[in-house]
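Welcome! Please take a moment to look over the sequence and the 3D structure shown here.

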Amino acid sequence: MHISKTVTWWLILLIGATNVFSDIATKSENELDKTSSIVAVQGNVAKLPCDITPSFSADKVHIVIWFKEDNEGRLMKPIYTFDSRDNSVLEQGKHWSDELILGDRAYFRFYEDPAKLTINNVLLKDEGFYNCRVDFKQSPTRNSRLNLTVIVPPSSVMVLNEKGNKVTNYVLGPYIEGDVISLTCIATGGLPIPKVTWWQENALLDDSSENLSNNTVRNILHMEKLQRKHFHTILTCQASNNDFVAPISTSMRLDLNLPPLTANLVGEEFPVSAGKLYQLQCEVVGSQPLVKITWWKGHVNVVDAHEKNSDDGNVTISTLTFMPTAEDEGKYVSCNAENPTIPNSALVSGRKLTVLHSPLLTLNLGKNLNNKIKEGSDIYFDCNIKANPWVYKISWKHNDKMLNSNTAKGVIINNQSLVLQNVRRDKTGSYLCVANNEEGEGESNSIHLEIEYSPTCRSKKPAIHEATLNETLEIKCELDASPKEFEFIWTFNNSAGFQQYLSLHRNASAVIYTIKSENDYGTLFCKGINPIGDQEEPCMINVLPRSKLDVLINCTISTESNQSLNVVCTHRLDPDRKHSFIAEVYEFGTDNLLRNLTSTKSSFIIYGLNPGLQIEIKIYIMTEAGSSKAIHLNAVIPRWENLAASPLNFSITPTLAITVSIVVVLVLLSIGLLAITRYRLCKRRKMETNYNEENSLKTKIDDNDVDGDTNTFTIKEEMNPDVVPLATNIKLPNSRSTFQQQPYKSYIHLKDVDDIQVERPLLHPQYINPHPKLVHYNANRMPPYIRAMHPRFAPAGTMPVVHEDQGYSMDAFRPLLTNRISRMPMVALPTQQLTATQL
């Protein structure tokens with residue numbers, strides 16, 4: 001069925017075509033010459049009009065047929081039809097196009113007035129003559145002829161610079177102001193031949209183009225002496241051969257390197273002070289590309305600057321931060337603005353610095369003088385000053401003390417000069433000058449003046465040395481001189497008129513002198529010689545006989561702990577001689593002997609006396625020849641004392657009263673809270689340990705436990721796990737047998753973990769009362785004769801204690817944490833080390 005319809009359609013089309021050809025053949029020649037011209041641009045849409053309006057309203061279009069003529073003017077077969085014969089309305093008409101010629105590019109717009117055959121993406125091959133035949137239902141057939149002209153635009157344009165190189169980055173240059181440029185624009189393709197023009201912004205510069213071979217056209221633009229106004233100008237080359245579409249073009253920016261127009265320091269000129277920071281700004285306008293700005297101070301380049309550029313890059317501001325010095329006075333500070341791409345484009349702007357500064361001083365000795373002057377000479381100093389503004393005060397210093405003019409003493413000050421006449425040795429030292437101006441104070445360099453003089457005795461009184469026979473003395477010759485390179489001359493005279501020149505000691509400042517006979521007592525003379533001259537008066541040293549027992553030199557007292565004193569003595573006793581040191585301690589102002597200490601060493605420890613007791617100590621040496629001269633010392637047994645607050649005179653203000661009241665309330669609250677906390681803690685500890693101190697401190701000792709033959713006793717303890725004995729089965733030294741008695745037994749409850757309870761020696765011969773005495777110490781302030789052998793008190797292990805007090809025993813109690821009760825007994829026996837048993 002479909003095939004029959006198609007065949008029927010083609011038969012109708014052929015019959016119609018036959019009729020057309022016959023109609024055309026019969027048309028008059030004048031009718032065929034009526035041709036309309038249509039122009040279309042390649043690639044755009046070609047619109048071919050055809051009038052399909054019937055002659056009267058009752059008529060309608062049956063079919064529209066489009067033909068295209070060949071090169072000889074003959075009609076080809078139909079290329080497009082619009083058939084509405086089987087439809088009552090045109091909207092239902094059928095469209096057909098030739099696939100080879102038009103494909104799907106054509107469409108007949110019957111609803112437009114006039115109706116048009118549109119050809120999309122028109123090609124050059126579409127150019128030619130077209131015929132449109134319209135058959136109506138009643139009206140006669142209508143024919144129209146159209147000439148379609150297809151314009152081909154140019155395909156491309158390119159720009160060449162003066163060197164014939166293609167411009168690729170849309171930027172011309174960079175050029176320099178005053179350059180002459182020549183740019184060539186070439187357009188390729190186009191039918192008809194396009195026209196090439198040059199434009200600046202919207203202004204036509206050149207429209208003279210010439211045709212070249214190979215379907216190209218060119219236009220050469222010449223621009224004489226480029227100016228600053230051409231900077232970043234947009235130049236455009238256009239190529240066009242129709243008015244239907246926009247011309248193809250290429251645009252580029254004209255880039256110029258421009259020198260800076262101006263460079264100026266910003267702000268008014270003003271003086272600056274040395275040592276302060278300042279900023280100078282230099283503004284540079286008009287440089288392209290960005291200007292290079294350098295700062296100069298005299299001939300020195302200064303680099304501590306930063307720059308800021310405007311958004312358009314036309315203005316650059318450089319800021320220099322600098323600290324002037326006194327040496328900058330009068331120097332020219334300038335900014336140099338230069339475009340590195342343009343030779344000789346630098347601009348300079350600057351100003352002369354006026355620097356205010358404190359005085360700069362240089363102290364010099366007078367001509368032909370040095371800092372070593374012979375006593376009695378004259379000397380002068382020059383103080384050179386550089387200051388802005390000038391100084392209003394000049395002063396001089398000797399050894400950092402102000403020096404005033406005093407003609408009588410040979411000191412003459414004349415502004416910037418200092419004269420010292422007939423200088424003596426007291427003028428030795430450093431000299432400097434000081435000057436002041438509105439900017440401050442300046443000090444010069446210091447010159448040390450050395451006054452040279454011949455030797456003199458350091459002491460104006462003769463020295464006295466005492467010695468016994470066969471005693472050797474070291475006798476020094478103490479001289480004062482400058483320079484100190486002496487030679488010494490020693491001589492000796494005695495009362496018998498004997499004189500001796502000790503040439504062996506010429507270069508020695510001391511002699512070793514031994515008294516071998518009575519004739520060796522007398523007077524030694526020493527005399528010095530230095531480069532300045534000989535000593536006028538020699539130094540005298542008298543050597544006198546001394547008592548054989550005058551051997552104790554000096555004794556000093558130091559505090560060893562809260563309740564003990566340490567006494568150390570110096571002596572000149574021969575160590576091979578048999579001797580002993582005796583210290584008698586009396587209550588001050590009485591004959592009440594408190595202690596009598598004897599030692600082979602020249603030191604004593606005095607303890608066991610009441611704190612605050614004022615005592616007098618008599619110390620002497622006992623030898624086979626008798627006792628030496630005694631040294632008497634006064635001291636007070638140390639104790640802790642509260643420092644009484646000294647009254648302060650001040651007025652009580654309301655604010656102070658309120659503040660004090662608040663502080664008092666807070667302190668009372670703190671004390672109350674602390675007391676409550678302490679009470680609860682103690683109560684909890686007692687409950688946890690179930691400890692009874694009264695019962696635990698009892699000791700049972702039976703007389704049967706003491707063995708008189710062996711000086712050994714045994715202590716029986718209650719079976720109380722919280723009680724630890726001081727010692728059991730203790731064997732006392734034989735030296736104490738004459739004082740044997742029931743051994744003393746104590747248990748101490750120590751509340752502070754750092755506390756130690758010390759029991760004084762039981763059988764020390766110097767004690768009047770042989771009974772023991774318990775003394776409380778803190779571990780951080782233990783006396784020197786007890787040394788803890790454990791770094792920290794702890795409940796674990798054993799902790800030995802060593803007692804080093806000349807072989808006398810004592811008991812020491814150290815804390816140990818057991819059930820939160822701090823106690824540990826320890827025993828220290830002579831020259832041995834004991835340990836405490838852990839509870």
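Predicted model: local features only at pLDDT ≥ 70, side-chain atom pairs only at ≥ 80, totals over all residues.

Residues are numbered from 1 along each chain as its sequence is written, and side-chain values use heavy atoms, with hydrogens and water left out.

**The whole chain**

- The protein chain has four helices and 66 strands; helices (H or I, at least four residues) and strands (E, at least two) are DSSP runs, numbered from the N terminus.
- Of the 839 residues in the protein chain, 39% are buried; buried means under 20% relative accessible area, exposed over 50%, and partly exposed in between (1.4 Å probe, protein chains only).
- Among contacts (heavy atoms within 4.5 Å) with a separation of 6 or more, 60% are between residues 24 or more positions apart.

**Nonpolar cores**

- A nonpolar core is a set of buried Ala, Val, Leu, Ile, Met, Phe, Trp, Tyr and Cys residues joined through side-chain atoms within 4.5 Å.
- The largest one has 27 residues, and those with the most contacts inside it are Leu48, Ile52, Val64, Trp66, Phe108 and Leu148.
- Elements giving two or more residues to this core include β1 (35-41), β3 (61-68) and β9 (142-151), while the largest share, four residues, comes from β8.
- Beyond its neighbours within four places in sequence, Trp66 is in contact with residues including Leu48, Phe108, Leu117, Tyr130 and Leu146.
- A second, separate core has 23 residues, among them Val551, Ala583, Leu594 and Ala635.

**Charged side chains**

- Side chains of opposite charge can pair when their charged atoms come close.
- There are 17 salt bridges in the structure, each a side-chain nitrogen of Lys or Arg within 4 Å of a carboxyl oxygen of Asp or Glu.
- Arg109 and Glu112 meet in one of these, at 3.5 Å from N to O; Arg109 is partly exposed at 28% relative accessible area, and Glu112 is partly exposed at 26%.
- Arg133 and Asp135 form a salt bridge with their closest N and O atoms 2.9 Å apart, and both residues are buried.
- Asp328 and Lys297 form another, at 3.1 Å between the closest N and O atoms. Asp328 lies in the loop between β25 (315-322) and β26 (332-338) and Lys297 in strand β22 (residues 292-297), so the pair ties together parts 31 residues apart in sequence.
- Both Asp328 and Lys297 are buried.
- Which side chain of opposite charge is nearest to Glu452? That is Lys372, 4.7 Å away, and Glu452 is buried yet has no salt bridge; here Lys and Arg count as positive and Asp and Glu as negative, while His and the chain ends are not counted.
- Glu452 sits in strand β37 (residues 447-457).

**A look at His95**

- His95 belongs to strand β5 (residues 94-97) and is partly exposed, with a relative accessible area of 32%.
- Its side chain makes a polar contact with the side chain of Tyr80 at 2.8 Å; a polar contact is a pair of N or O atoms within 3.5 Å, where within protein one must be able to donate a hydrogen and the other to accept it, and residues adjacent in sequence count only if both atoms are side-chain atoms.
- The C-alpha atoms of His95 and Asp83 are separated by 6.7 Å, with the two residues twelve apart along the chain.
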